[in-house]
Amino acid sequence: MKFQYYIPTRILFGKGQLNALHTQQLPGKKALIVTTGGQSVKKFGYLERVGQELDRAGVSHILFDKILPNPVKEHVMEGAALAKASGCDFVIGLGGGSAIDSAKAIAIMAANSGDYWDYINGGSGKGLPVPNDPLPVVAITTTAGTGTEADPWTVITKTETNEKIGGGYDKTFPVLAVVDPELMATVPPRLTAYQGFDALFHSTEGYLNNTAYVMSDLYALEAIRLIGKSLETAVKDGSNLDARADVALANTLAGMVESTSGCTSEHSFAHALSAFHPQFEHGAALISVSCAYYSHWAKSGCCDERLVRMARALGKTDASKPSDFVDALAALQKACGVDDIRMSAYGVQREHLEQYVQNARATMGGLYAVDPAPLSDDDVRAIFEASYR
């Protein structure tokens with residue numbers, strides 16, 4: 001058995017761990033704090049608490065709070081310009097995946113010239129190597145969905161071309177991550193579900209991925225188990241910190257899956273939808289295509305045993321056939337109240353499905369290469385058609 005393994009992020013996990021931030025060896029003396037344009041991190045005091053921790057550590061800080069739920073390149077470039085002009089020597093992503101992803105992209109551009117898309121592979125990206133090391137990144141997650149606190153990836157949209165593409169490399173791993181379930185207790189039920197299913201699909205895609213190996217399998221199955229055990233409770237009782245902790249751990253483990261194997265084409269589909277419809281929450285977009293997507297693999301015969309193991313991990317302990325995973329998935333979506341997602345509610349029209357088929361492969365076609373078996377455009381078209389409501 002031979003493999004390579006590299007996850008360099010120091011993780012502070014558990015209730016109250018934000019209070020230990022000042023005790024850590026932070027990677028600089030002036031930080032750019034990156035958050036979204038929403039009010040939750042301010043309203044619930046998380047931003048103030050981070051500022052107090054930095055003050056105690058002797059670290060000065062400024063705020064960039066324009067990030068959108070689906071982050072865009074314009075804000076990456078604006079945040080990077082602010083970091084350069086202010087002499088920041090590291091970046092803190094505070095919030096969900098959009099804030100932390102943006103922090104990573106800003107960290108790249110704060111240390112390099114040109115345009116962010118110069119360094120993107122895929123679509124209209126130039127795929128150039130990054131000349132200078134990014135600024136160090138600290139991730140403080142207030143949601144449990146993307147696992148970006150434990151992986152190097154960042155997903156950004158180039159709005160003028162409707163390209164939503166992931167990037168990142170070894171040097172965009174956060175140097176430090178704080179995963180404190182207390183910061184997640186205020187996430188509304190539906191968003192809790194969307195985020196939890198995003199973490200689930202990072203794990204299921206990573207488990208079916210043809211690059212999966214012993215380390216990614218360990219993380220994936222445990223993440224699936226924890227979500228099957230506790231996501232419904234976290235959705236229905238957000239104050240249950242034990243359930244929140246289970247889902248938070250599943251999310252961080254899912255980030256480790258992203259660091260060891262990775263996503264398959266399901267994520268390409270969801271990115272194509274939200275590239276054209278930014279209000280389509282990423283987790284919701286994934287849920288909308290998920291049952292048809294996994295039904296395709298259940299009928300394919302290419303990954304039967306893995307689907308059965310995923311079904312058992314998700315809670316269907318008597319699973320014996322691939323379709324049992326689809327049944328378990330549909331049951332969990334119903335239990336969490338997200339089985340009613342309609343693409344049409346976000347402006348997706350049936351007659352335009354072909355543009356998502358083409359965009360998914362054109363922008364993130366590399367994910368198709370790691371699917372458990374080849375997926376044709378006809379297959380993708382059929383999955384979108386079966387998913388459309």
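Trainee: Which residues of α10 do D217, L221, I224, R225 and G228 in α6 meet?
Mentor: This is a predicted model, in which local features need pLDDT of at least 70, side-chain atom pairs count only at pLDDT 80 or more, and totals for chains, interfaces and linings use all residues. Residues are numbered from 1 along each chain as its sequence is written, and side-chain values use heavy atoms, with hydrogens and water left out. Helices (H or I, at least four residues) and strands (E, at least two) are DSSP runs numbered from the N terminus. With contact taken as heavy atoms within 4.5 Å, the partners in α10 are R306, R309, M310, A313 and L314.

Trainee: How many residues of the contact of α6 with α10 are charged?
Mentor: Asp, Glu, Lys and Arg count as charged, while Ala, Val, Leu, Ile, Met, Phe, Trp, Tyr, Cys and Pro are nonpolar and the others, Gly among them, are polar. In the contact of α6 with α10, five residues are nonpolar and one is polar, and the number that are charged is four.

Trainee: How are α6 and α10 oriented to each other?
Mentor: The axes, which are lines fitted to C-alpha atoms (for helices over the stretch in contact), have angles from 0 to 180 degrees between N-to-C directions. For α6 (residues 214-236) and α10 (residues 304-314), the axes come within 7 Å and cross at roughly 40°. Angles under 35 degrees count as roughly parallel, over 145 as roughly antiparallel, 65 to 115 as roughly perpendicular and the rest as oblique. The two helices are therefore oblique.

Trainee: At what angle do α8 and α9 pack?
Mentor: Helix α8 covers residues 265-276 and helix α9 covers residues 282-300, and their axes lie 9 Å apart. The relation of α8 to α9 is oblique, since the angle is about 135°.

Trainee: Is L286 buried or exposed?
Mentor: L286 lies in helix α9, where it touches D198, F201, E205, E266, H267 and A270, not counting residues up to four places away in sequence. Buried means under 20% relative accessible area, exposed over 50%, and partly exposed in between, with a 1.4 Å probe and protein chains only. Because its relative accessible area is 0%, L286 is buried.

Trainee: What is the bridge partner of T154 in β7?
Mentor: Strand β6 (residues 154-158) and β7 run antiparallel and are joined by five bridges, while in β7 (residues 163-167) four of the five residues are buried. Their hairpin has four residues between the strands, and there N162 takes a positive phi near 55°. Within β7, T154 has as its bridge partner G167.

Trainee: Which residues does D118 contact, leaving aside neighbours within four places in sequence?
Mentor: D118 is found in the loop between α4 (97-109) and β5 (137-141), and it counts as buried because its relative accessibility is 13%. With those neighbours left aside, D118 is in contact with K126, G127 and L128.

Note on methods: Pairing = 2+ DSSP bridges.
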